[in-house]
Every structure is written in C-alpha cells, then in structure tokens.
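This report describes selected contacts within one protein chain. Please keep the sequence and the structure in view while reading.

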Amino acid sequence: MIAERNVPLQSCNSFGIVARAQTLVRVRQPADVQAVLDDPELGPAPKFVLGGGSNIVLTGDVRPVVLKVELTGRRLVADTPKAWIVEAGAGENWHDFVAWTLEQGWPGLENLAMIPGMVGASPVQNIGAYGVEVQDRFESLDAVDLTTGQAFTLDAAQCAFGYRDSIFKHASSGPNGLGLAGKALILRVRFALPKPWKAVLGYLDLERKRTETGIEAPSARQIFDWVCAIRRAKLPDPAVIGNAGSFFKNPTVTPEQCADIIARDPKVVHYPMPDGSIKLAAGWLIDACGWKGKSVGQAGVYEKQALVLVNRGGATGGQVMTLARAIQTSVYERFGIRLEPEPVVV
Ligand code: EPU
C-alpha cells in the first residue's frame, strides 16, 4: 500500500474539474483496504471512495483519504438454467464489461451500454437507461466495511435500490437508520443475466430505431449498437467535453400537480409510473426555462440535452454548482418543482 500525496484529480473525474487529493491510495486488491485501516495515520482519517469519477462534482481539494478503486477481474460464476451469473471487479470499466459479456454470449446488459464509470459505481446509483436498471440484473455484491475492515455480501433487497438510489447513497442517520454512504467500499459485483434472453424495447428512442431500420426482432448486439448510436448523438463524450451525465433526477409528481402543469404547459413531457405517480422529464423542464446552451463561467448546459451540464474548459466545481442552483431556482419558479442533483457533490 502506497499513500500518494497531493495527487491531481483532473483526469479522475469525468467533469475534468481541477482539484487535488491530499492523500490517495490505489486499491488494487482487497488487502490494500486493510492496510489503510491498519495504518496509524490513515486508519482513523475520514475516507472517500473514488471510482470512475463520472458522477461527482469536485468543489475543492479532497481532504479525506481518497481510496481509488482499481480492482479488476471478470468471470462467469455460474451458468444455471435460469441465468448466467457474471462477476466483475469494482474497478472494471462499465462499458467494456457490458461489451465483453455480449462477446461471451451472455446478453442482458445491452441497454446499459456506454454509461460512463466503473462496475463498482453501478449499484451505488442503480444506473439505468432505455428501460433497464442495474437492479433488474443485479445478483449480489461483496464490499468491505471501512471502519472494521470486515468483508460482507449484500443481495438486491439489502441494497435497497430506488431510482438512481441505493443504501450506498444514504447516511446512517436516514429515516430507517440504515445507510452505507462513505462507510463501505465495493469490491466486486455479480449480475444475473436471465435466460432465455428477452429484448427490452419500448423506450421511444429504441422504437424509433426499430421503425427506421425495419428490424422487428433485434439481437442483443443490435440493441447494443442502437444504444451506442443514440447516446453518441445526444450525450457529450466526457473524453471530449467534461460532464457527469444527467445532472438532475427526473422528478415525480402527483397526477394533480401534473394536471396543473399541463394546464399551463400542455407540451410537458410526462410518463405515468406503475405506482400512480407521474415522472416528468427534467431535461424538458430545464429546456422550457430556456437554459439549453447557457453558461455560468465555464460551466454550461449542453446544447443537445438540457439535463447534462458540461465543462466548457476550466470550469470550477463552484461554477457548476452556481449554474445548477440557478437552474433549480428557475424550474422552481416556473413549475413549482424542486430538481434534485444526481451526482455526489464533494
Ligand atoms: N427533452 C427535452 N429537452 C432536452 C432534453 C430532453 O425536451 O433538452 C425531452 C426529450 O425530448 C424526451 C424527454 O425529455 O422527450 C426525455 O429525454 P431523454 O429520453 O433524453 O431521457 P432523460 O429522461 O433526459 C434519462 C436518464 C438517462 C438515460 C436516458 C435514457 C435520468 C436522470 N436520466 O434521461 O441517464 O440515459 O433516460 O434511458 O434518469 C444518467 O443518469 O446520467 C443518464 C444519462
């Protein structure tokens, strides 16, 4: 275990914000975590777990000890009549893992292609796209308690998945007293890819591809290619323009609130949810407030998707947050809706 000091983090966060870690330890094997905990100086210090950095906004230098997850490895754990159980180290790149499962002949993750970040972050915020969320394909994960060093395993129910949410996003002072935010480091994740494979279509953008191409029954590989094409057309590549994907969650409202908004803005994009609530497209709300293409300093609203905030070059975390707050205020003033940020603000 080597503790590096004063480490630049610009290349470790997809926003490309300039900041430094006072102390950084690369976790390449589970024993590295134990070594940090046993260290007289690092052991008692607060910790910050850094994965792919694709869902964070750095607002300054990071004082807690940064544990940079670099745990690799991927394998088929079991091939049962019901599913392929596939495991990957938390530090594996998510998209490469998805592509690899398809190459091996284990479909099921194709709708989640091209989501930036690492495997370890996928359950933290229950990543989702085009009708599939990680919770639909999750089997279990192994993690290590950052206070005791004890390893433990969680199944899907124990992860308490919600929309872009899980037990890893909540502090223990939450309503049910449970929460692992900042308290655990995910080592590896197992996914159950159900047999027989069934295409998940139905999402508007995918249906459009089906109509355009005339392919009625696409293969998993075809869906993977469609999802990649859709994302390339709409979302900025973090390697070119810094960003953290969707900056806000899509808010849910009651049917009454939605009817009220429709009365004023008949075009509002809304989707009825199975529980009776209505989900609104945050991107549409922000777009309707005229934010597309606008900037605060070097932080801007992406021209092709108003839900994505971008770094136009040299943006600070403070500028990103100022822009985010200005957007929240105008959406609240116009629609009475409070948008909740998706990334973790550090
Ligand atoms: N819209 C606008 N203007 C905009 C952006 C969107 O009018 O500037 C409208 C679109 O026309 C569409 C609706 O809003 O009718 C929804 O847009 P889109 O299909 O692009 O999806 P989204 O709700 O903005 C969500 C996820 C994405 C995920 C896509 C596809 C959240 C917060 N975002 O975006 O996830 O890729 O659906 O499933 O749930 C992410 O979380 O980082 C992310 C990229």
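Two residues are in contact here when heavy atoms of theirs lie within 4.5 Å. The model under discussion is predicted.

By this criterion, Met118 touches Gly51, Gly52, Val69, Ala90, Gly91, Glu92, Asn93 and Trp94, with residues up to four places away in sequence left out of the count. Met118 itself is placed in the loop between helix 2 and strand 8 (128-129). From Met118 to Gly182 the separation is 64 residues in sequence, and their C-alpha atoms are 17 Å apart in space.

The domain assignment divides the protein chain as follows.

| Domain | Residues |
|---|---|
| Domain 1 | 3-69 |
| Domain 2 | 74-194 |
| Domain 3 | 242-345 |

The C-alpha centres of domain 1 and domain 2 are separated by 21 Å. To their contact, domain 1 contributes 13 residues and domain 2 contributes 17 residues. The size of an interface is often expressed as the accessible area lost when the parts come together. Between domain 1 and domain 2, about 1100 Å² is buried, and 71% of this area is on carbon and sulfur atoms.

A further contact joins two helices. Helix 2 (residues 94-103) packs with helix 5 (residues 220-234) at an angle of about 155°, and their axes are 10 Å apart. Helix 2 is therefore roughly antiparallel to helix 5, since angles over 145 degrees count as roughly antiparallel. The crossing of helix 2 with helix 5 is left-handed. Helix 2 provides His95, Val98, Ala99 and Leu102 to the contact, while helix 5 provides Ala220, Phe224 and Cys228. Of these contact residues, six are nonpolar, one is polar and none is charged.

Terms used. Residues numbered from 1 in each chain as written. Predicted model: local features only at pLDDT ≥ 70, side-chain atom pairs only at ≥ 80, totals over all residues. Heavy atoms only, no water. Axes fitted to C-alpha atoms, helices over the stretch in contact; angles between N-to-C directions. Helix = DSSP H or I, 4+ residues; strand = E, 2+ residues; numbered from the N terminus. Parallel < 35°, antiparallel > 145°, perpendicular 65-115°, else oblique. Left-handed = near helix turned anticlockwise from the far one by under 90°. Nonpolar A, V, L, I, M, F, W, Y, C, P; charged D, E, K, R; others polar. Domains from an automatic or database assignment. Buried area = accessible area lost by both parts, 1.4 Å probe.
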